[in-house]
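Visitor: I'm new to this one. Could you show me how to read it?

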Amino acid sequence: MSDLLEMKNLKIGATVYPPDEAPHDIEIVKGVSFALEKGKVLGLIGESGAGKSTIGLASMGYGRGGVEITGGEVWINGRDVLKGGMKGLRALRGAEVTYVAQSAAAAFNPARKLMEQVTESTLQHGRCSRPEAEARAVELFAKLGLPNPETFGNRYPHQVSGGQLQRAMTAMALCPQPDLVVFDEPTTALDVTTQIDVLAAIKDAIRDTGVAALYITHDLAVVAQVSDHIMVLRHGEKVEYGTAEQIITAPREDYTRALVSVRQIDHPEKAPAEPVLTASNITARYAGTAFDVLKDVSVALSPGQTLAVVGESGSGKSTLARVITGLLPPSEGAIDFAGRTLSPALAGRSREDLRELQMIYQMADVAMNPRQTVGTIIGRPLEFYFGMTGKKKRDRVQELLDQIEMGEGFIDRYPAELSGGQKQRVCIARALAADPKLIICDEVTSALDPLVADGILKLLLDLQKKQNVAYLFITHDLATVRAIADSIAVMYQGKVVRYGPKSEVLAPPFDDYTDLLLSSVPEMKLGWLEDVLAHRKMESAGH
Amino acid sequence: MSPIVTLLAQRISLGLLLLFLVSILIFVGTIILPGDVAQSILGQSATPEALANLRRDLGLNDPPLTRYIDWATGVLHGDLGTALTSGQDIAESLGSRFRNTLFLAFWAAIIAVPLAVFLGLLAVRYRDRWPDKLISAVTLASISLPEFLIGYLLMFFLGVKLRLFPSTAIGYRADADVFTRLEAIALPVAVLTLVVLAHMMRMTRAAILNVMQSAYIETAELKGLTTFRVIWKHAFPNSIAPIVNVVMLNLAYLVVGVVVVEVVFVYPGMGQYLVDHVSKRDVPVVQACGLIFAAVYIGLNMLADVISILANPRLRHPK
Amino acid sequence: MRIPIAALIGLILTTCYFVVAIFAPLLAPYGMAEVVGGVWEPSSEQFLLGTDNIGRDLLSRMIYGGRTTIFIATAATILSFTTGAVLGFSAAVLGGWPDQLLSRFIDLLMSIPTLIFALVVLSVMPVTVPMLILVMGLLDSTRVFRLARAVAVDINVMDYVEAAKLRGEGYRWIIFREILPNALSPLVAEMGLRFIFMVLFVSTLSFLGLGVQPPQADWGGIVKENADGIVYGIGAALYPAVAIATLAISVNLVADWILNRTTSLKGGRG
């Protein structure tokens, strides 16, 4: 057999323990087959719950937290790993097949130095002597672009950054010179400008060592950069399998087509008007710290339009939302809203101020009280601001549910009975119930699967058209920004580095940071990564 | 100064501050509350003159602050005052009893700690299988009974019915040889061990399980390491702090258990001394014993914190 | 809703204990302090559990004793819970210096072992049933405070509470409508554990002679009264062991079930 890895009709199940119900078995992976040649990269892509990580771990004969392989075969180098017993698995894991986890920060043992951990499997499997293993680790550190590769291994995990840890984990996986590496969402937790470097480092390392890889991610644009083949999964079943090029340029299945064309919403920019919200010269810091999280930030937002505030973690974009809502009074600056100046602190604001300025959160899960029904959650603002009760309130709640395209039968349900997208819709309805002039949307689509997120964005745009409500849209995702913004503020380290109408902000000439940010967003085309890196190299040579 | 030294200094001074505040609390608790020491000693039928005389002799007419300062300076110099009922020097009577109590607690700890850690590991190793279930059933039973009843159960079955050990520690002499002394305290030690063991084991089990569920243990397993190496190199270094914490907290719990067990087995320790004098309403003795018990308790808790600070890699190797 | 068999047994036994406690005078064959036979008579048809150290019917003593013990434990639990939960919730929601002040004070109280503290206080206070309830309830409320505060702090940082604050809701709505319904299950489970602790605590105090005073019967007191018999091989002092253990285990089973239900609710979301 020439294939390195072959899965035949793989079935994986788990036992679930729902409340007030007898425990029962569910099937996570429902008979998936595929093969991977030596030195090739297969991308596994799908939404949460598609079973992609589970399949990746199954290639090492491992089931995470009560998950069990219930049927099928997993062949590696001509052996069925499921029949080798514990001893066979141990010989396989960390030697022939290695693993790179999503959160390297959690996957490294905090009590031991990086070098010990990176060389551990190499030494334990007796692949070479300690000095040889350490030399190889240093070489890998250098190849992966880690600073001071000679001494990097002497540090403890908490002493290096997240992006560096992710590279160190890749080094750990490559050190024993395995035949196959399983990359489980290795860049998902990273900022987009860090992601591109780690992605490039991983890609180089794969190419130079000639190792085969399973690359698992939910981001088709990312997987297109590193894979030879792509397998699209949904609900534990294979949807489509093909070369990366075929999947990206000529998808056969509707589901794949939808994934490829995600975020391609056509949204013409509106002309600026007299602003409904003006934040002027805002400077803010958290109590007990000596560091300004926001430095002299000024933005304005026209009625019925969307201002996207975009930036990476630590840029201060969410803090700006907290300042505008009054949760964090600024140390300097003023906020004008609907023709009046808002009190800096929440306690000083009138009920009318609060009503006209609503907020939607990233995690719809924790934004709704799990002990309240949808009817109570949406009905409370009606009761609180407009004094509605009884049938009138219930009718209005139903009307709002219709507006968010959920219709009948949801009013008496609890949040736990809704899907992720439905939960976010209910949160939107709760904000709408107050009949606001402005809604602050804090990363409202980041926790959702791409297609669900698309639905939410379209709904928000549709509601904006009908209700003339303005959105302050906070996000790290530039594709989302392109899809919905009228104007954009780019934030970096607490400052607004670029601000204006969408057409201007997204058109050259760029400042350095915006250029870096924009060029780092993976695009749905093959060879994008190489193009960007080549372009950057040229520019830095030109300087 | 390195952050770890600062943190340790902070923790230790906090312990001392706590001890100071506790001394105030104990003093205030016995002085301000409506009960009257003089009345308690002389009983309801005492004449007003006798009461007034006793109050004066005891210094009860001085302002509370003066009395606290007198008492506290005395304590700092090793003078715990005089017992009202016997007129004896408290520090003197306490000396030998404190040693006896330490002797008892020491042996209970020596047996309970390794046993608890071992059984905790066993419960984790055979999680949800019969050894784990048996251990948790026995644990549940033993924390569902007060210490004194466990004491009498052992006394009845092991001491009286089976005659394996002396039923009481009444014959305990501090000057006897070690084996005689150990035989005398066999049952009290068994009771204390049982009581402390249950809590310690449960908490050890939880602490290790918590570590075993970390992502880095999964990483280690996916490296194809042996179970032994996963536990020894990856779980153990991260379990030291929580386990030591558990042990210390439970040794503090021993402080309470010892009081009751001493009464049950008529053991001449500090606990029995305290309970005796609470019934006699001998306030200076109660204050002294209360302060010592609290100091031991605070000291052990402080030690637990200090050890977990020292074991934290983030603090040991700052950025 | 399916109740697991262990929880069901616990529920039934617990109910039995409370029924016996409430109807003690109707169920007990003899009076509580009535001397009806010889000293430490063995069990017979007339005296099912035999008689005690001065010739009172032990079964009647056990029934009346259960009534006293359960009554005191229940009252102290209620006191401990209301005080601890109200203060804990308030500290969590108010935050700032009221929270700091309360939390540090509770830390101070908890730095003395509960039994030692109780002994110190009882050395100067009259030992009566209301005093016992007060001392036990207040000392134990420190633990409830910690739990209630921790649970409420966890809930207080949830976005739905922030959403309520942004809406302009007052403390009353936030505490009673947003926090309390979500904190109830862990608190109810804890209530069971506190109740067990109270039963053990009051028994211990009575055993030390600092709890319920004779001739009133209670489980700890029965042990004390009959302890001298042990060395002669008379097991009268051990009956309360059975009573306390079964009650404690029953309540434990119920509390475990409630706690498991909550955790599975949390895990089962989405």
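This is a predicted model: local features need pLDDT of at least 70, side-chain atom pairs count only at pLDDT 80 or more; totals for chains, interfaces and linings use all residues.

Visitor: How many helices and strands does chain A have?

Guide: Helices (H or I, at least four residues) and strands (E, at least two) are DSSP runs, numbered from the N terminus. Chain A has 22 helices and 20 strands.

Visitor: What does the C-alpha trace of chain A span along its principal axes?

Guide: About 70 × 60 × 45 Å. Of the 543 residues in chain A, 46% are buried. A residue is buried if 20 or more other C-beta atoms, placed from the backbone, lie within 10 Å of its own.

Visitor: Why is strand β18 of chain A described as largely enclosed?

Guide: Strand β18 (residues 470-475) is largely enclosed by the rest of the structure because six of its six residues are buried. Here's the general idea: in a regular strand the side chains alternate between the two faces of the sheet. In β18(A), Ala470(A), Leu472(A) and Ile474(A) lie on one side, with Tyr471(A), Phe473(A) and Thr475(A) on the other, and both faces are covered.

Visitor: Which strands pair with β18(A)?

Guide: Two strands pair if DSSP finds at least two bridges between them. Strand β13 (residues 306-310) of chain A runs parallel to β18(A), joined by five bridges, and Ala308(A) sits opposite Phe473(A). Strand β17 (residues 438-442) of chain A also pairs with β18(A) in the parallel sense, over five bridges; there, Leu438(A) has Ala470(A) as its bridge partner.

Visitor: And where do chains B and C touch?

Guide: In general, the size of an interface is often given as the accessible area lost when the parts come together. Here we can count residues instead: 41 from chain B and 37 from chain C take part in the contact. Two residues are in contact if their C-beta atoms, placed from the backbone, lie within 7 Å. On the side of chain B that touches chain C, α7(B) gives the most, with eight residues. That side divides into 32 nonpolar, seven polar and two charged residues. Ala, Val, Leu, Ile, Met, Phe, Trp, Tyr, Cys and Pro count as nonpolar, Asp, Glu, Lys and Arg as charged, and the others, Gly among them, as polar.

Methods:
Residues are numbered from 1 along each chain as its sequence is written. Chains are lettered from A and ligands numbered from 1 in the order in which they are written. A residue is buried if 20 or more other C-beta atoms lie within 10 Å of its own, exposed if 12 or fewer, and partly exposed in between; C-beta atoms are placed from the backbone.
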